[in-house]
Amino acid sequence: GGMSLKMKPQEFASTPSNRAQTPSIQGKRSNPGSLVNGIQTTSTSSNKQTDTVGTTPLQVGNNNRTGSNGLFANFSKYVDIKSGSLNFAGKLSLSSSGVDFSNGSSFRITLDELEFLEELGHGNYGNVSKVLHKPTNIIMAMKEVRLELDESKFTQILMELEVLHKCQSPHIVDFYGAFFIEGAVYMCMEYMDGGSLDKCYDQDCIGGIDEPQLAYITEAVICGLKELKDVHNIIHRDVKPTNILCSAAQGTVKLCDFGVSGNLVASMAKTNIGCQSYMAPERIKSLNPDKSTYTVQSDIWSLGLSILEMALGAYPYPPETYDNIFSQLSAIVDGPPPKLPQAKFSADAQDFVSMCLQKVPERRPNYAALLEHRWLKKYREVDVGMSRYITERLERRRELVEESGGEDSVKSVPALHMGGL
């Protein structure tokens with residue numbers, strides 16, 4: 001079915017226990033290294049990684065073969081060892097031949113229908129791979145999520161699959177299907193050839209995103225977030241540049257990575273997950289994060305910070321706050337909100353960002369109001385040439401990587417990007 005999915009194309013790693021087919025898709029074993037929060041990347045430095053021979057996933061697979069008393073015995077409510085399926089009661093069921101949702105929709109896709117093309121990224125959760133679906137000749141991004149003995153991992157898989165199959169939107173990555181092979185869930189989604197937007201800017205060489213294209217990206221992201229909220233009553237909760245994908249071929253920008261998204265109950269979400277670098281002040285200040293009220297306003301702060309980062313080419317808070325989690329938290333909570341530079345950006349653009357970065361959440365506009373802002377209206381009917389723009393920036397990035405001997409430039413990463421407290 002042409003259902004749409006929102007996820008990041010992520011990682012495809014060693015299929016833990018699918019002994020027969022694994023080598024045919026794999027080519028090489030994956031490195032369970034550090035994919036940045038499981039985002040689809042087009043990392044040019046992946047071939048420099050030390051191969052750890054996929055020991056973690058292989059152990060999972062091997063242990064799992066010891067029978068029903070093995071690794072997932074405590075999770076029998078999810079994992080049916082005998083049939084090899086993963087079940088979320090009343091929601092969905094996953095097996096090696098696809099996924100069935102409770103609303104009757106099914107997506108049939110299996111490992112042997114896929115041909116591995118290249119690794120797009122890798123990390124602690126598993127790998128994201130570029131694959132060819134041979135029956136349809138469609139290029140897909142396949143994200144692997146390795147199961148762990150952690151209730152939250154099952155919740156995350158369920159949430160991402162639910163969001164992906166429900167939300168068919170031009171602003172959210174398309175969903176093609178998912179399957180389960182003992183130790184891992186594999187989700188197949190639209191391949192976005194530009195990868196995540198953080199590959200399209202830097203502070204020194206490529207520079208930040210220019211205003212017309214920044215307005216286009218902003219509108220696309222707001223439309224995706226607004227649709228999640230208005231149509232499905234879901235908030236994303238992890239808005240940041242690495243969770244926004246772009247296509248150079250299509251000139252499109254789409255949201256992905258819904259593992260920590262959540263249904264709003266009475267307009268509040270009771271959790272504090274997500275990357276803390278982009279967390280709104282009111283979330284950081286909450287004395288009891290688990291009980292903190294989360295509204296759409298908190299995602300609007302994260303959006304504002306993401307727009308600013310894309311414009312500047314780097315995370316907006318000063319580098320001197322990076323190395324210490326508490327100084328970074330303090331800058332967000334106590335310091336003035338960062339602003340767009342006046343010399344390079346219009347007054348309308350500056351106003352838009354300052355509206356998103358109001359310290360008091362009630363002062364931030366909602367999505368409908370943001371879409372009516374002069375800044376977005378000004379560029380709405382303008383062809384900003386996104387396809388060419390993304391293509392040129394990624395080409396420049398490739399040239400820079402080659403000039404530096406194949407090493408991708410390492411950005412200075414704030415402490416909270418690592419997960420924080």
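Analyst: The following account covers the nonpolar cores and then the aromatic pairs.

The model is a predicted one. Its largest nonpolar core comprises 90 residues, and the members with the most contacts inside that core are Leu94, Leu161, Met187 and Val253. Leaving aside residues up to four places away in sequence, Val253 is in contact with Pro170, His171, Leu197, Tyr216, Ile217, Ala220, Val221, Ile244, Leu245, Cys246 and Met386. As a general background, nonpolar side chains in soluble globular proteins tend to be buried together.

Turning to the aromatic rings, the count of pairs is four. One involves Phe179 and Tyr186, with ring centres 5.2 Å apart and planes at 25 degrees; this pair is classed as stacked because planes under 30 degrees apart count as such. Phe179 has a relative accessible area of 0% and is therefore buried.

Tyr315 and Tyr317 form a tilted aromatic pair, with a centre-to-centre distance of 5.9 Å and an angle of 45 degrees between the planes. Tyr315 and Tyr317 are both buried. Together with Tyr278, Tyr315 and Tyr317 make up one aromatic cluster.

How values were computed
Residues are numbered from 1 along each chain as its sequence is written. This is a predicted model: local features need pLDDT of at least 70, side-chain atom pairs count only at pLDDT 80 or more; totals for chains, interfaces and linings use all residues. Side-chain values use heavy atoms; hydrogens and water are left out. A nonpolar core is a set of buried Ala, Val, Leu, Ile, Met, Phe, Trp, Tyr and Cys residues joined through side-chain atoms within 4.5 Å. Buried means under 20% relative accessible area, exposed over 50%, partly exposed in between (1.4 Å probe, protein chains only). Contact means heavy atoms within 4.5 Å. Rings of Phe, Tyr and Trp (its six-membered ring) pair if their centres lie within 6.5 Å; planes under 30 degrees apart count as stacked, over 60 as edge-to-face and the rest as tilted.
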